[in-house]
Amino acid sequence: MSLPETAARASLRSDGRFCIVVGAVATGASGELAEPLGLSVWLTVVVGLAAIVWGVFVHRLSRSVHWSRALAGVAGANFASGMGLAVFALTPGGARLRLFAGGLLALAVLWYAVSQAIIRWNATVGA
C-alpha cells in the first residue's frame, strides 16, 4: 500500500469517526443544544442522525478499492459542509453557542477537506 493510499484511508476512517461522534453528541444532547443553537429539537436530532449515517458511510469508504475517488468525493462534501457550517455560525438567531460550535465545526470540517485534497493531490502527483 502506498503512502498516499495509507493516508487517504486513515483520513476517511478518522473523518467517519468524527462525524459519528459529533452526530451522537448532537442527537443525545438535542434537548440541551436546540434552543441555544436556535434550532428545533427535531431538527437537531435529524442533523445528528444524518451525521451518524454519513460518518458510517465515510468510514466504510475507507475500505473502498477506489480510495482516491472516494477521498475526492468526501473532500468535496466536506468543503461544502464546512462552508455551510460557517454560514450557519454567522447567521443571527443562536447567540454565542451557534457562533462557537458552528465556527469550530466549520474549521474542523474544512480542515478535513483541505487535508484530504492535499492527500489526493500527492497521490496524483506521485502517480
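Student: In this predicted model, what makes Arg-9 count as buried or exposed?

Tutor: Its relative accessible area is 11%, and buried means under 20%. So Arg-9 is buried. You'll find Arg-9 in helix α1, which runs over residues 3–28.

Student: What does Arg-9 touch, leaving out residues up to four places away in sequence?

Tutor: Met-1, Ser-62, Arg-63, Ser-64, Val-65 and Trp-67.

Student: And how do you know what its side chain does at Ser-62?

Tutor: The Arg-9 side chain reaches the backbone oxygen of Ser-62 at 2.5 Å. The cut-off for a polar contact is 3.5 Å, so the pair falls within it.

Student: Why is the Arg-9 and Glu-5 pair called a salt bridge?

Tutor: Check the distance: 2.9 Å, N to O, between the two side chains. A side-chain nitrogen of Arg within 4 Å of a carboxyl oxygen of Glu qualifies, so this pair is in. Searching the whole structure turns up one salt bridge. Both Arg-9 and Glu-5 are buried, too.

Student: How are those two placed along helix α1?

Tutor: They sit four residues apart, so about one helical turn separates them. In general, an α-helix has 3.6 residues a turn, so residues three or four places apart point the same way.

Student: Moving on to α2, which of its residues are buried?

Tutor: Ser-30, Ala-34 and Leu-37, within a helix that covers residues 30–37.

Student: How do you know whether they line one face?

Tutor: Look down the axis of α2: the buried residues fall within an arc of 85°, so they line one face of the helix. On the other side, Gly-31, Glu-32 and Glu-35 are exposed. After α2 comes Gly-38, with a positive phi near 80°.

Student: What makes Leu-43 buried, exposed or partly exposed?

Tutor: Its relative accessible area is 31%. Buried needs under 20% and exposed over 50%, so Leu-43 is partly exposed. Leu-43 belongs to helix α3, residues 41–61.

Student: Which residues make the nonpolar surface patch?

Tutor: Trp-42, Leu-43, Val-46 and Val-47, for about 390 Å². Patch residues need over 30% relative accessible area, so Leu-43 at 31% passes that cut-off.

Student: Zooming out, how many helices and strands does the chain have?

Tutor: Five helices and zero strands. Buried residues are 32% of the 127 residues. The chain exposes about 7,300 Å², with carbon and sulfur atoms supplying 74% of that area.

How values were computed. Residues are numbered from 1 along each chain as its sequence is written. This is a predicted model: local features need pLDDT of at least 70, side-chain atom pairs count only at pLDDT 80 or more; totals for chains, interfaces and linings use all residues. Side-chain values use heavy atoms; hydrogens and water are left out. Buried means under 20% relative accessible area, exposed over 50%, partly exposed in between (1.4 Å probe, protein chains only). A polar contact is a pair of N or O atoms within 3.5 Å; within protein, one must be able to donate a hydrogen and the other to accept it, and residues adjacent in sequence count only if both atoms are side-chain atoms. Contact means heavy atoms within 4.5 Å. Patches are made of residues with over 30% relative accessible area and no salt bridge: like charges are joined within 9 Å, nonpolar side chains (Val, Leu, Ile, Met, Phe, Trp, Tyr) within 5 Å. Accessible areas come from the Shrake-Rupley method with a 1.4 Å probe; for residues, only the protein chains shown count as cover. The arc is that of the directions from the helix axis to the C-beta atoms.
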